[in-house]
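Please read them with the structure open.

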Amino acid sequence: MKYIFGPVSSKRLGQSLGVDLLPPKSCTWNCVYCQLGKTRKFVTERQEFFPREEILEEIREAIAVNSSLDWITFVGSGETMLYKGIGWLIGEVKKLTTIPVAVITNGSLLYLPEVREELLQADAVLPSLNAGTETLHAQIDRPAAGLTFRRHVEGLVAFRRQYKGRLWIEVMLLGGINDSDEALHELATVLKEINPDMVHLVLPTRPAPEQEVRIPSEDRIEQAIAILSTVTTVVNPVKGTMDLRSAPDMLHAVSDIVSRHPVQQRELQKAISDCFPGENDKVASIMLDMLSTGRFKLVDHGGEPYWVINDDQG
Ligand code: SF4
């Protein structure tokens, strides 16, 4: 499938079917922690990158073969709201199924009324907010020209006023960058203005394009939870896990997921072991076979091996 990946299993969205609407990498930001690597060229114009009917057809097929989905999640190779027509897709998905729809977005285009309008039918929207000041926003998110911090916050505030669904803000907590008491208090002030239903703290657990990106200490994570909890409910950092048990073709499923973000080798091994319980030799041989295709390579991140797509191939 071209646009669908997963299902991916996570604590916050359960079994979630991913829908990627963008050519890689299309983004309005160039975050220091981005698991897709650097943004080579900003994209800020919204477009229907691929025909919407084609995407809907794939969603229809995926729903038919996956009987235990908790969410259908629009997320992908950049900023999701760059896809013009996402509102139509959300509406059509809701005619097909009662499975709730989530949209993961950096939120940078929410200042545009038409973007907010396209999101109104989603059951949950998860925009990013990583800073409480223009300076830190520029340092972490490195947005395209004109996408200022104030514009970002005003977009979130305006959306909150209109939107009746669940607004869950994602905060990427970066050690030594936005985890000081001062930065967290500034963030809390802005969160109060936005009034989300919840904040999800996330950590940079995957390889990032910039060296300075590191996971905060336990102590700083606890302090972040304590400070941000004064204004909203905070969900502890959680990590998604892969679930390959319903994948009709394991190699394709792993390629689809790894092409969207690096996967820790341990996580991949566990996902394959769940398909073949107690058959450790088989699991090892499947992983070796996958590596021998040349589609993947291993990179080190914080002493942990990760699988990434082998761009040198062919
Ligand atoms: S908004 Fe998302 S896709 Fe865009 S650069 Fe940041 S992390 Fe990467």
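1. At what angle do helix H6 and helix H7 pack, and how far apart are their axes? The model is a predicted one. In it, H6 (residues 181-194) and H7 (residues 218-228) pack at an angle of about 30 degrees, and their axes are 9 Å apart. The crossing of H6 and H7 is right-handed.

2. The residues behind this packing can be listed. H6 contributes Asp181, Leu184, His185, Leu187, Ala188 and Leu191, which meet Gln223, Ala224, Ile227 and Leu228 of H7. By class, the contact of H6 with H7 has seven nonpolar residues, two polar and one charged.

3. The axes of H9 and H10 come within 9 Å and cross at roughly 125 degrees. Because of that angle, H9 counts as oblique to H10. The crossing of H9 and H10 is right-handed.

4. On the H9 side, the contact is made by Gln269, Ile272 and Ser273, and on the H10 side by Val283, Ile286 and Met287. Four residues of the contact of H9 with H10 are nonpolar, two are polar and none is charged.

5. The domain assignment divides the chain into domain 1, spanning 4-239, and domain 2, spanning 250-309. The C-alpha centres of domain 1 and domain 2 are 26 Å apart. Nine residues from domain 1 and eight residues from domain 2 take part in the contact. On the side of domain 1 that touches domain 2, three residues are nonpolar, four polar and two charged.

6. Which residues are around the ligand? They are Cys27, Trp29, Asn30, Cys31, Cys34, Leu36, Thr39, Gly78, Glu79 and Asn106. This shell around the ligand comprises five nonpolar residues, four polar and one charged.

7. The peptide bond from glycine 6 to proline 7 is cis, with omega near 10 degrees. Proline 7 is placed in strand E1 (residues 4-10).

8. The other detail concerns arginine 142. Although arginine 142 is not a glycine, it has a positive phi of about 45 degrees. Where is arginine 142 found? Arginine 142 is in the loop between helix H4 (134-140) and helix H5 (149-162).

Note on methods: Residues are numbered from 1 along each chain as its sequence is written. This is a predicted model: local features need pLDDT of at least 70, side-chain atom pairs count only at pLDDT 80 or more; totals for chains, interfaces and linings use all residues. A residue is near a molecule or strand if its C-beta atom, placed from the backbone, lies within 6 Å of it. Ala, Val, Leu, Ile, Met, Phe, Trp, Tyr, Cys and Pro count as nonpolar, Asp, Glu, Lys and Arg as charged, and the others, Gly among them, as polar. Domain bounds come from an automatic or database domain assignment. Two residues are in contact if their C-beta atoms, placed from the backbone, lie within 7 Å. Axes are lines fitted to C-alpha atoms, for helices over the stretch in contact, and angles run from 0 to 180 degrees between N-to-C directions. Helices (H or I, at least four residues) and strands (E, at least two) are DSSP runs, numbered from the N terminus. Angles under 35 degrees count as roughly parallel, over 145 as roughly antiparallel, 65 to 115 as roughly perpendicular and the rest as oblique. A crossing is left-handed if the near helix is turned anticlockwise from the far one by less than a right angle, and right-handed if clockwise.
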